[in-house]
Amino acid sequence: MCKPFAVLPVVLHVMRIFAAAFASLLIVSVAHAAAVVDEHLEIELVSARSALAPGQTAWLGLRLKHAPQWHTYWINPGDSGLPTKLAWTLPAGYTAGDIAWPAPKRFDLGELTNFGYDGEALLPVPVNVPADAAIATRAHLAVEAKWLVCHEECIPGKATLTLDLPVAQTAADTPYRQLFAHARASQPQPAPWPAQARLAGDRIEIAVRGTNLPAAPRDGFAVQTRVVANAPPHIEMRHSELLLTFAKSDYFTALPKQFDLVLLDRNARSWLLHADSTEQPTAPNPHR
Amino acid sequence: MSLRISILVAIVATVVNSGAFAAAAIGSAAPDFSLPDASGKTQTLSQYKGKTVVLEWNNPGCPFVQKHYSSGNIPKQQVDATAAGVVWLTINSGATGKQGHLDTQGAQAFIAQYHAAPSAYLFDGDGKVGHLYGAKTTPHMYIIDASGTLRYMGGIDSIPSTDKDDLAKATQYVPQALAELKAGKPVSIATSEPYGCGVKYGP
């Protein structure tokens, strides 16, 4: 039961990594490198396109394939867990943006709630290719990924994943195109509606106004931690407002000026809401 | 009678989870309890009135706990605290068959392996005390002052990770609060969000 700490799984699975790398080579020759295959997670750096175009944004991604019932985490992991973290090593002039997090899933683990991903998931990252990248050269892209994969138990992992891509004016889709398309479709869209957050006793209410509000809202996920409790919000239409009511987090100190949350509907469409807080809390937490 | 007790525990657990009211609250009397320890004795919180008591929720199989033990962080905090007269009670609320559940021999071996120095290692296999305190994760830390008042509840430190490299940059909340209590100062950070593995409570 006692799992080795940190990088050990990676080391232990070197044999399997080679096996996986060899198997992959037979299928695709570009746009991804060796997957790291852990007992509960396969992790790989992949590209949506077969080449990098100078002056353009290239979409790379971390492909995560979880063993059944295992999951990794969203930017707000919930009551326990850790978000997956990336640290890039790129050629001069290249810059990587933040992970474009797809809307998470809710995992109820007894008394704890977690937010994250299971099955096969992709965490897309935009990489800016410099305008002066020389055509017909190859770029070596590397990322150190740190993750926590959990079922009932959790196992931390760390690996450096690499990808060599040619620099070219034209490129083709890679076999990962569908995965990127799916990740893009499950990304929260900027919400066109104004929203306001207010403190109401031990609850936090988010009021969303406007036309064409989601007809079948299903769930809400706070981006910032320590604001609302992680149980699902109560969602209702009230006086043409969409009202999301959360319990306050046990670790709440103040409403952020702008509280960000993801609203998910029954058709798996999602929006990123920025709720302005007009009211300041009446008294600061005396224990902080 | 036992049915009534289990209903009561269920209610307490529900209330703690709802966040509406915590059985263990900063500034309030810490709930009393009695639990068996790894040396076969019974440890009762109220027997330590007059001393500062640290409660540490533990699961030796949890990578977050392993970070703080294999690095020596928690063992050092235990050594320093107990040398200063503080009572350190490590509590395992893991149910039988769950990760990190230990018997007395297992607990003694765990303590020896990491040169840990808790005053006692307590078993709470039915999770009653864990629920009473609202312990969510391992580690999850509580400090009770000499008068029996809860003065700190929360994480072991300020950087949620399983990475030992983060220890040097993190604020260690327990030694900080213990030093403030000893100096007669208010505890500057009395609550924090705990991080770690979920406590492996039984069904």
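Chain B exposes about 8300 Å², and carbon and sulfur atoms supply 58% of that area; the areas come from the Shrake-Rupley method with a 1.4 Å probe, and for residues only the protein chains shown count as cover. The model before you is predicted, so to read it please note that local features need pLDDT of at least 70 and side-chain atom pairs count only at pLDDT 80 or more, while totals for chains, interfaces and linings use all residues. Residues are numbered from 1 along each chain as its sequence is written, chains are lettered from A and ligands numbered from 1 in the order in which they are written, and side-chain values use heavy atoms, with hydrogens and water left out.

I stay with chain B. Of its 203 residues, 55% count as buried, that is, under 20% relative accessible area with a 1.4 Å probe and protein chains only. Chain B has 6 helices and 9 strands, taken as DSSP runs numbered from the N terminus: H or I of at least four residues for helices, E of at least two for strands. Among contacts in chain B with a separation of 6 or more, 73% join residues 24 or more positions apart; a contact means heavy atoms within 4.5 Å.

I turn to the aromatic rings. How many aromatic pairs does a search of the whole structure find over all chains? The search finds 15, where rings of Phe, Tyr and Trp (its six-membered ring) pair if their centres lie within 6.5 Å, and planes under 30 degrees apart count as stacked, over 60 as edge-to-face and the rest as tilted. The centres of A:Phe115 and A:Phe221 are 5.3 Å apart with the planes at 85 degrees, so this pair is edge-to-face. It links distant parts of the chain, since A:Phe115 belongs to strand 8 (residues 112-117) of chain A and A:Phe221 to strand 15 (residues 217-222) of chain A, 106 residues apart. Both A:Phe115 and A:Phe221 are buried.

In chain B, B:Tyr133 and B:Tyr142 are also edge-to-face, at 5.4 Å centre to centre and 80 degrees between the planes. B:Tyr133 is buried at a relative accessible area of 2%, and B:Tyr142 is buried at 0%. Elsewhere, ring pairs join B:Tyr69, B:Phe110, B:Tyr114, B:Tyr121 and B:Phe123 into a cluster.

Conventions: Buried means under 20% relative accessible area, exposed over 50%, partly exposed in between (1.4 Å probe, protein chains only).
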